[in-house]
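Subject: Handover of a structure and notes on its contents

Dear colleague,

Please find below the structure that I am handing over to you. My notes on it follow, and I would ask you to read them with the model open.

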Amino acid sequence: MRVDSRRNLSTLHATDVYALLGAGAAALAVTWLMFERLLPFNGTLGFLVIAYALFVGCYALLVSFDEDGPAVRDRVAAVVVQSLGLVMLAALAFVVVFTLYEGREALPHLNFYTQSMADAGPVEPLSVGGILHAIVGTLWQISIALVICIPTGLVCAVFLNEVPGVFSRFVRTIVEAMTALPSIVAGLFIYATIILGLGFDRSGLAAALAISVMMLPIIIRASDVVIRLVPGTLREASYALGTSRWRTVWHVVLPTSRSGLTTAVILGTARGVGETSPVLLTAGFTAELNTNPLQDPMVSLPLAAFELVKSPEPTYIARGFGTAAVLLVLVLVLFVIARVIGGRGPGKLTRRQEHRRVRASRRDAQRFAARTATHGTATDGASAVSTDSTASSVSTRSTT
């Protein structure tokens, strides 16, 4: 009896690993010879670019020994895409590690999170002063921006999906164009209209309005994509039951896309937290703690980092990198939350939501059972009454 060997369905084989290692070693060796022995080349960037080009060429040559033309092109394209992804990941890791390393002197101090810079001069040690004023300013500005953007963005996304037409296409075009709007333009718009036009002072409210201009298209665009993923059969089932369009949106569309809409809001929040240019033009700068967003300058975390790193004093530079590290951690936490929440598909509930649905179903079942029992008792009573009346009529007829 012949037993067939199992086929390896994995996409990575031993020959692929050997080809990658051999191409990398050959590219580094040839590039070193070119830079050190053969040609008058120098510079790290040039070395990396030439080594990468030689790596791709050597890898294509090694793969061609075992594969045909389409397979070679597929392997080379996969290597290029994956290597570019590794480059982007390495750049992100470098930014995170470098920021945390430069801010390592300021981050361990507790006063860095509980004090403002009102009493900290350029020569004061890191044990004096902190970024409390920037944290409070960021919280105020983002809170006001969310109050403006969440209802406006969700209503606009619902409008784009539920009310098709020429005007909705025009609004979608404007939203897509505003997604690539430079942040400095948003700051100039609020500065010209609110501060110069209406006469308001630079404050946290003006900065929140500028941040809202940047957050709103992100929330609308992401919410629009999420609402499009809601199956049309759910809407059709709701309409078949006689429900109006807006009750369908409120009770079917929005609950189904709840996790995606939450992700859209968090992504917009992460974009607004890191904005510097709009805040620089509209909020002003202060080293004191200001808890009133309606008047006086109010600084945020990005603006505080921008102003602190411009100082030539090492303590200010350390505080600036520490502020950037706090901001970076905050943005990363928001993106992780968005990833966790957005991992659920449309209509997929959490355990708590499923538990609430089960309890609601049990209550409905009990209510229906009680209603059925009441209706059955009333029916039995009506039947008994009709039986008695029939019997009395029959007896009357017989007596007559």
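A helix, as the word is used here, is a DSSP run of H or I with at least four residues, and helices are numbered from the N terminus. Please keep in mind that this is a predicted model.

**Aromatic rings**

I begin with helix α3, which covers residues 69-102. F94 and F98 are four residues apart in α3, so about one helical turn separates them. In general, an α-helix has 3.6 residues a turn, so residues three or four places apart point the same way.

How many aromatic pairs does a search of the whole structure find? The search finds seven. In one of them, the ring centres of F94 and F98 are 5.8 Å apart and the planes stand at 20°; because planes under 30 degrees apart count as stacked, this pair is stacked. F94 is exposed, with a relative accessible area of 57%, whereas F98 is partly exposed at 37%.

A second pair is formed by F112 and Y113, whose ring centres are 5.3 Å apart. Their planes are at 85°, so this pair is edge-to-face.

**The largest pocket**

The largest pocket has a volume of about 380 Å³. Its lining consists of 15 residues, and those nearest the pocket centre are L48, Y52, F55, S83 and V87. Which elements give two or more residues to this lining? They are α1 (14-38), α2 (44-64) and α3. The largest share comes from α3, with seven residues. By type, the lining residues divide into twelve nonpolar and three polar, with no charged residue.

**Helix α11**

Helix α11 spans residues 258-273, 16 residues in total. From its first C-alpha to its last it reaches 23 Å, which is close to the 22 Å expected at 1.5 Å a residue. This helix is mostly covered, as twelve of its 16 residues are buried. Among the buried residues are S259, L261, V265, I266 and V273, and the glycines G260, G268 and G272 are also included.

**Two single residues**

I174 belongs to helix α6, residues 166-179, and is partly exposed, with a relative accessible area of 37%. How far apart in space are I174 and P217, C-alpha to C-alpha? The distance is 8.9 Å, although 43 residues separate the two in sequence.

Most residues other than glycine have a negative phi. D296 is not a glycine, yet its phi is positive, at about 70°. D296 is partly exposed, with 44% relative accessibility.

Yours sincerely,

A colleague

Notes. Residues are numbered from 1 along each chain as its sequence is written. This is a predicted model: local features need pLDDT of at least 70, side-chain atom pairs count only at pLDDT 80 or more; totals for chains, interfaces and linings use all residues. Side-chain values use heavy atoms; hydrogens and water are left out. Rings of Phe, Tyr and Trp (its six-membered ring) pair if their centres lie within 6.5 Å; planes under 30 degrees apart count as stacked, over 60 as edge-to-face and the rest as tilted. Buried means under 20% relative accessible area, exposed over 50%, partly exposed in between (1.4 Å probe, protein chains only). On a 1 Å grid over the protein atoms alone, a cavity is a set of points where a 1.4 Å probe fits but cannot get out, and a pocket is an open set with protein on both sides within 12 Å along at least five of seven lines; lining residues have an atom within 4 Å of a point. Grid points are joined across faces, edges and corners, and a volume is the space filled by probe spheres set on the points. Ala, Val, Leu, Ile, Met, Phe, Trp, Tyr, Cys and Pro count as nonpolar, Asp, Glu, Lys and Arg as charged, and the others, Gly among them, as polar. The expected span of a helix is 1.5 Å times one less than its number of residues.
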